[in-house]
Amino acid sequence: MKKVLLLFCNIISFIANAQTNHTIYSKTYGQSGNPAILFIHGGPRGNSTLFEGTTAQKLAEKGFYVIVYDMRGEGRSIDTTATFTYQEAIDDLNELYKNYNIAKANIIAHSFGGLVGTLFTEQNPEKVNALILAGALFSQQETYNHILKTSQKSYTEKKDSLMLSKISEIEKLPKNSAEYRKQCYEIASQNNYFKMPLPTKEANQLRENYEKSGFGENNIRNDNAPILFYKNEVKNNIDTKPILKNLKKQVKLFAIYGQEDGVFSEKQLNDIKKIVNNQNFKIIENCSHYLFVDQQQIFINTIAKWLK
């Protein structure tokens with residue numbers, strides 16, 4: 001009977017969004033009576049396939065009702081009319097709450113999803129039991145500065161004049177532009193800032209299984225998403241630390257980051273640690289940006305410990 005009810009919930013979600021000429025992909029794992037966890041993926045240009053294909057079911061087996069979805073216009077939530085604004089994302093989250101009949105949920109916000117999750121919680125603190133920042137952005141310009149500064153140092157040591165010239169050109173771009181963001185992350189990717197330096201056998205197996213699965217096949221990336229976000233969203237380069245400081249008076253606030261996540265400086269991690277407090281902060285060794293794959297068991301155990 002539970003399986004029938006869960007399937008019914010998913011159908012309701014599809015129909016409610018289909019009436020507005022778009023479909024928000026969402027799926028649940030676990031029993032609806034368990035504490036709800038809502039996962040917000042990164043982006044713009046992201047989706048939840050990696051988390052869903054590797055971790056959602058395992059987290060549900062810890063006694064949670066896990067909800068995954070792709071933001072409007074991204075991944076499996078095809079919508080050519082999507083504007084990619086924060087308010088659009090917040091409105092869609094409110095619809096998910098309504099469709100799954102959830103009064104309060106725990107939010108795991110990954111990467112860019114950290115900004116969405118923080119702004120949603122600021123508007124709807126009564127709907128959030130805990131906000132967990134998982135490798136999440138919270139001070140965008142500091143992240144871009146860190147990427148460029150550390151890359152410049154590396155290229156200087158290698159005497160790579162071509163890439164040093166590239167860094168100089170990026171620094172001349174408007175800071176609130178899609179091109180600036182894109183090129184910063186391209187530099188980070190070229191320097192393996194998103195990859196763990198010494199991947200474990202378990203992490204390699206998880207990624208291999210994902211790539212061969214239907215989730216890997218549905219890893220849809222909308223290249224227009226960042227462009228439209230920077231065109232339509234005025235708050236396109238923000239620092240949410242002041243918001244987070246206020247939120248911890250209203251909701252439980254946690255932060256979990258990989259020690260080898262190259263997109264965050266030591267200062268940034270110390271800043272977020274001070275905000276959430278030491279007991280609510282976790283650094284995972286030999287772990288980069290995708291914590292739920294790089295060190296899955298530690299990630300799951302930490303989340304379960306915090307929420308139970």
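Buried means under 20% relative accessible area, exposed over 50%, and partly exposed in between. With that in hand, here are some close-ups of this predicted model.

**View 1. The salt bridge between lysine 267 and glutamate 142.** The closest N and O atoms of lysine 267 and glutamate 142 are 3.1 Å apart. Glutamate 142 has a relative accessible area of 23%, so it counts as partly exposed. Lysine 267, at 47%, is partly exposed too. Through shared partners, salt bridges join Glu142, Asp239, Lys241, Lys267 and Asp271 into one network.

**View 2. Helix H5 packed against helix H12.** The axes of H5 (residues 140-158) and H12 (residues 266-276) lie 10 Å apart at an angle of about 150 degrees, which means the two helices are roughly antiparallel. Glu142, Thr143 and His146 of H5 meet Lys267, Gln268 and Asp271 of H12. Sorted by class, this contact has three polar and three charged residues, and no nonpolar ones.

**View 3. The salt bridge between arginine 76 and glutamate 52.** Here the closest N and O atoms are 3.0 Å apart. Arginine 76 sits in the loop between strand E3 and helix H3 and glutamate 52 in helix H2, so the pair ties together parts 24 residues apart in sequence. Arginine 76 is buried at 15% relative accessibility, and glutamate 52 is buried at 3%.

**View 4. Isoleucine 272 in the largest nonpolar core.** This core has 65 residues, and Ile272 is among those with the most contacts inside it. Beyond its sequence neighbours within four places, isoleucine 272 touches Leu133, Phe138, Leu244, Ala255, Tyr257 and Phe281.

Notes
Residues are numbered from 1 along each chain as its sequence is written. This is a predicted model: local features need pLDDT of at least 70, side-chain atom pairs count only at pLDDT 80 or more; totals for chains, interfaces and linings use all residues. Side-chain values use heavy atoms; hydrogens and water are left out. A nonpolar core is a set of buried Ala, Val, Leu, Ile, Met, Phe, Trp, Tyr and Cys residues joined through side-chain atoms within 4.5 Å. Buried means under 20% relative accessible area, exposed over 50%, partly exposed in between (1.4 Å probe, protein chains only). Contact means heavy atoms within 4.5 Å. Axes are lines fitted to C-alpha atoms, for helices over the stretch in contact, and angles run from 0 to 180 degrees between N-to-C directions. Helices (H or I, at least four residues) and strands (E, at least two) are DSSP runs, numbered from the N terminus. Angles under 35 degrees count as roughly parallel, over 145 as roughly antiparallel, 65 to 115 as roughly perpendicular and the rest as oblique. Ala, Val, Leu, Ile, Met, Phe, Trp, Tyr, Cys and Pro count as nonpolar, Asp, Glu, Lys and Arg as charged, and the others, Gly among them, as polar. A salt bridge is a side-chain nitrogen of Lys or Arg within 4 Å of a carboxyl oxygen of Asp or Glu.
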